[in-house]
Amino acid sequence: MDTQILETSTRSNAATALQGTIAGLRVTNTTGQPGSTPQIVLRGGTNFNGTGSPLILIDGIPGSFYALNSDDIESIEVLKDAAATAIYGARSANGVILVTTKTGKTGKSSINYRYKYSTNNERNDQKYIGAEDHINYNRQSIAWYREVAGNAGAFGAFLNGNHSAATGNNATNDPFTTQLLTPANQYLLGQPGWQSIPDILNPSQEILFFDNKDVGGRIYQTSVTKDHYLSFDGGNEKGTYYLGLGLLDNDGLILGSGFKRYSGKFSGSYQVTNSLKVNSNILYSHSNLSLSPLGGDDTVFRRFQGQASTSRTFDSNADGTWTNQYAVGQNQGFGNPLYYQDKFVRKNLEQRLAASVGINWDIIDDLTLSVTGSHFTINNHNESFNRAYRVGSNTGPLRTGREAAVSLARTLRNQLTGTLNYSRKFGNHNVNALIGAEYFKDNLFQTSAGTRNAPTDLIETLNAGAEANGIPSSFETEYVITSAFGRLLYDFDDRYLFGFTFRNDGSSRLGNNKFDFFPGVSFGWNLHNEKFLQESSLSNTISRLKPRLSYGVNGNQDVLSNYGVYGAYAEQGVYNGQTAYANSSLATLDLLWEKSTTLNTGLDISFFDNRLTMIADVYSRDIKDKLANLTLPYYTGFSAILTNNGTIRNKGFELQVNGDIIRNDNLTWNVGATFTTNRNYVLKLPENDNDLNRQGGTLIWNPKTQQEEWVGGFQEGKRSGHDLVVAFEQESIYASQAEADADNGITDEYMPGASRNQRWAGDVKWVDQNGDGIINGLDRKVIGRTTPDFVGGITTNLKYKNFNLFIKTDFATGHLVWNHIKNKGYGQTQGNLAQPIEVLDSWTPTNTDTDWPRFVFVNGAKNVWRGNESEGSLQNYGNNKFWEKGDYLALREVTLSYNIPTSYFNDAIKGLNVYATGSNLHYFKSMSGDTPEVGGVQYGQFPLPITFTIGLNVTF
């Protein structure tokens with residue numbers, strides 16, 4: 001990966017730079033929370049659900065991108081080919097990402113300072129209706145629900161109580177402002193923003209309300225990022241050094257969110273003798289991750305932001321003017337975010353240290369012994385405290401639970417690696433041979449405790465609590481991997497290339513089959529170095545031509561727990577003063593290693609003196625003896641057992657293109673692109689009583705074959721069904737009651753009992769796939785998948801003298817998204833949610849020519865989804881109308897930079913670069929929400945902010 005992209009954009013997580021830059025690697029930003037690590041999946045993953053994270057090695061030490069300072073990174077290399085990853089053995093089935101940090105260089109010392117200042121801005125692609133429409137549609141929706149359910153008094157509180165469209169709120173401090181207009185409160189009409197409308201259900205009475213147009217913005221705070229980095233480096237023939245110090249302060253967009261990191265990096269080497277060299281490397285980070293005290297993304301964006309614009313932000317004075325007292329709102333999970341922003345104290349401190357020391361000993365010419373020992377530790381310290389807060393209003397009861405909690409977690413990883421490397425050239429023969437051994441140990445310790453009923457908000461620690469809140473606990477676990485490995489590289493005259501690697505791993509996570517062997521072999525042919533090609537006319541066009549073939553085996557033990565193969569007993573609660581334990585999982589001592597075998601064919605080709613380069617790969621990867629849970633019958637007392645549950649296959653094509661369209665002394669223009677497509681299949685499953693040994697899935701009617709068939713789940717010989725979307729097909733909307741009555745002979749098994757055989761104007765006319773006059777689960781159809789068909793990216797870099805313009809995009813196409821922020825508002829199952837603007841196009845007696853169903857309270861007519869709100873149900877029982885195409889092209893980054901000539905500074909400054917960057921600027925998309933990258937059910941993702949950065953890079 002070109003690390004230029006790391007230099008000009010503020011990144012609280014360096015992994016975001018990989019998005020769209022490496023063919024076969026999909027990097028998905030699942031949240032805009034500062035510091036968060038995106039989901040990283042290479043070549044479709046090795047799990048049944050299409051996931052699986054690559055092994056990330058930072059200077060050879062297993063780690064992650066979390067809290068890693070991008071300014072410390074020298075290079076990032078992604079290993080996809082199994083022959084290349086086989087030497088990493090037990091943990092490399094999902095690929096390997098090698099991160100190399102900066103080291104000193106021999107030569108004159110230098111000092112470098114970098115500064116970036118960024119502003120983060122709201123995206124807000126989700127649009128809601130205003131207060132007047134909210135009142136009318138919600139009150140009407142309750143009347144329609146009563147009709148459908150045959151319940152004339154249902155949800156009376158939402159018409160007459162203190163709810164968003166109800167008339168029972170007061171004029172001063174209730175959660176919402178809606179109330180009947182009376183002589184006693186009509187003075188409020190003299191205040192800005194207050195209005196009244198006739199009650200849609202009873203036009204003889206008027207409803208008074210305040211139109212709070214800024215209600216959605218209450219969750220936001222001013223968000224800026226300041227990023228400082230200072231480094232010192234240098235060296236001579238005896239040794240080198242590098243010291244980097246960083247400070248990142250990133251305020252999140254959402255109240256209380258943010259990420260602050262202090263980082264330090266040191267590396268040094270020293271030539272002790274002509275044959276002995278020592279080196280060391282230290283990476284340290286001290287970070288504070290601040291999550292919003294309002295709750296998770298689904299709460300912040302689906303509930304707090306999605307509140308009706310009839311809600312109150314401030315209490316009112318008797319004359320109708322606003323006080324400076326924040327209104328409380330309904331409750332902790334659905335109230336006024338400005339009131340609750342300081343009620344929940346959350347502290348999350350993490351310290352990370354990676355340290356290594358090694359020696360290189362040239363025993364004889366061409367033979368080198370290397371020994372490296374490393375230590376990696378993570379210390380997490382989390383504290384929380386709930387201050388006292390009012391319930392319902394500022395005159396409501398004071399909740400004084402004042403729960404305090406603290407948790408500590410410590411991860412220790414120690415690794416010792418020794419290698420013996422022999423490298424020699426014999427005429428046209430080049431040989432490099434390496435053998436080595438490695439010991440790795442991972443230890444995790446966790447503890448937590450809590451108290452409650454402290455007498456004051458001023459003491460946030462456990463000691464102030466009057467009693468314990470739950471039972472204090474601690475936990476410790478560890479595992480060990482021991483390995484032997486080797487590699488042989490051979491080439492003849494830089495034409496014929498051969499490589500062989502192997503690794504023999506043993507893991508304590510397995511029982512009777514701890515050890516296994518993971519080989520890899522590769523072949524390459526530098527055709528462009530052949531005499532017959534060099535002497536042909538093709539050499540004027542083709543400057544590089546290299547076909548490749550490789551086969552390799554990788555292992556995976558990440559899905560295993562440390563002791564699970566031996567069976568487990570788990571705490572079941574306290575009975576009669578004693579803690580009870582029971583067998584919670586079955587022993588599986590005979591589990592085998594999960595193995596990933598990959599056959600890869602590739603072609604590297606360059607044209608016109610390497611001005612146009614293409615790298616293409618076609619691969620097939622079989623994940624054999626897949627470690628996964630197999631569902632057990634309920635009578636066994638266990639829900640599942642971990643088994644070697646079959647074989648799955650990933651097949652794909654990857655293309656990476658890079659071209660210098662213009663290349664001269666003053667002007668260069670480079671364009672690069674990546675393109676990836678991947679499919680996951682199920683080859684083999686354990687024998688069972690189902691056709692194709694099916695596991696999971698759902699039964700529908702296939703009109704083409706006129707038969708019932710199972711779709712989704714996992715079936716031998718078919719594509720993996722984990723991402724399949726199965727939905728009811730909306731044929732039309734009943735425009736009139738006469739149209740609806742014509743279908744009263746149809747039985748809809750999902751409707752309330754009163755309407756099983758009663759259709760209603762404005763509701764969905766469903767396609768009866770099998771024509772049996774009954775709408776049930778068989779009447780669904782497959783409408784698509786939640787994972788993209790194609791992903792990739794396009795970059796362009798234009799340089800003119802000292803100016804540089806860099807543009808980076810990424811795209812995905814073919815996936816479906818269920819925007820539950822919108823759909824839940826349309827279904828109004830929360831009772832006081834704001835409605836998406838699509839409701840304005842919904843069926844009403846005056847808007848009958850539409851394909852949007854009428855808005856019925858709590859999804860009472862089952863127009864939006866027909867099951868429950870779990871992910872699995874929504875993915876299988878929704879209305880196809882509410883699924884949206886997730887296709888997008890993201891304008892991910894635009895940077896304009898200028899290298900100021902150093903001659904202005906009489907060489908006191910070696911280099912000075914200034915730049916401006918825009919990040920996550922725009923999505924070209926059709927879906928209604930903020931985050932098209934995440935396929936499937938989106939409950940309320942924290943969207944990526946639009947970020948503008950100015951920065952400088954100066955070297956002395």
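Is Val937 buried or exposed? At 7% relative accessibility, Val937 counts as buried; here buried means under 20% relative accessible area, exposed over 50%, and partly exposed in between, with a 1.4 Å probe and protein chains only. This is a predicted model, in which local features need pLDDT of at least 70 and side-chain atom pairs count only at pLDDT 80 or more, while totals for chains, interfaces and linings use all residues. Residues are numbered from 1 along each chain as its sequence is written, and side-chain values use heavy atoms, with hydrogens and water left out.

Val937 belongs to strand S52 (residues 936–938). Helices (H or I, at least four residues) and strands (E, at least two) are DSSP runs, numbered from the N terminus. In space, Val937 lies 4.7 Å from Trp818, C-alpha to C-alpha, although 119 residues separate the two in sequence.

**Aromatic rings and charges**

Let's turn to the rings. A search of the whole structure gives 37 aromatic pairs. Rings of Phe, Tyr and Trp (its six-membered ring) pair if their centres lie within 6.5 Å; planes under 30 degrees apart count as stacked, over 60 as edge-to-face and the rest as tilted. One of these pairs joins Tyr145 and Phe155 edge-to-face, with 5.1 Å from centre to centre and 70 degrees between the planes. Tyr145 lies in helix H3 (residues 131–149) and Phe155 in the loop between H3 and helix H4 (157–160), so the pair ties together parts 10 residues apart in sequence. Tyr145 is buried, at a relative accessible area of 17%, whereas Phe155 is partly exposed, at 28%.

Another pair, Tyr496 with Trp525, is tilted: the centres are 6.5 Å apart and the planes make 35 degrees. It links distant parts of the chain, with Tyr496 in strand S25 (residues 496–507) and Trp525 in strand S26 (residues 515–525), 29 residues apart. Tyr496 is partly exposed at 37% relative accessibility, and Trp525 is partly exposed with a relative accessible area of 32%. Ring pairs also join Tyr145, Phe155, Phe158 and Phe857 into a cluster.

Some rings have a charge over them, meaning that NZ of Lys or CZ of Arg is within 6 Å of the ring centre and within 35 degrees of the ring normal. Arg866 lies over the face of Phe728, 5.6 Å from the ring centre. Over the ring of Trp852 sits the charged end of Lys881, 4.2 Å from its centre.

**Nonpolar cores**

A nonpolar core is a set of buried Ala, Val, Leu, Ile, Met, Phe, Trp, Tyr and Cys residues joined through side-chain atoms within 4.5 Å. The largest one has 26 residues, and those with the most contacts inside it are Leu18, Leu25, Phe65, Ile76, Ile97 and Val99. Elements that each supply at least two of its residues include helix H1 (4–7), strand S5 (73–79) and strand S18 (367–386). The largest share of this core, three residues, comes from S5. Another core lies apart from it, with 20 residues, among them Trp144, Ile746, Val764 and Trp843.

**Pockets and cavities**

On a 1 Å grid over the protein atoms alone, a cavity is a set of points where a 1.4 Å probe fits but cannot get out, and a pocket is an open set with protein on both sides within 12 Å along at least five of seven lines; lining residues have an atom within 4 Å of a point. Grid points are joined across faces, edges and corners, and a volume is the space filled by probe spheres set on the points. By this rule there are eight cavities of 30 Å³ or more.

| Space | Volume | Lining |
|---|---|---|
| Second largest pocket | about 1,100 Å³ | 46 residues |
| Largest cavity | about 440 Å³ | 33 residues |
| Second largest cavity | about 180 Å³ | 18 residues |

Closest to the centre of the second largest pocket are Asp442, Leu444, Thr477, Arg509 and Asn562. Strand S24 gives the largest share of that lining, six residues. The pocket lining divides into 20 nonpolar, 18 polar and eight charged residues; Ala, Val, Leu, Ile, Met, Phe, Trp, Tyr, Cys and Pro count as nonpolar, Asp, Glu, Lys and Arg as charged, and the others, Gly among them, as polar.

In the largest cavity, the lining residues nearest the centre are Thr10, Ser12, Thr16, Asn920 and Leu944. Its lining has six nonpolar, 22 polar and five charged residues. The second largest cavity is lined by 10 nonpolar, six polar and two charged residues.
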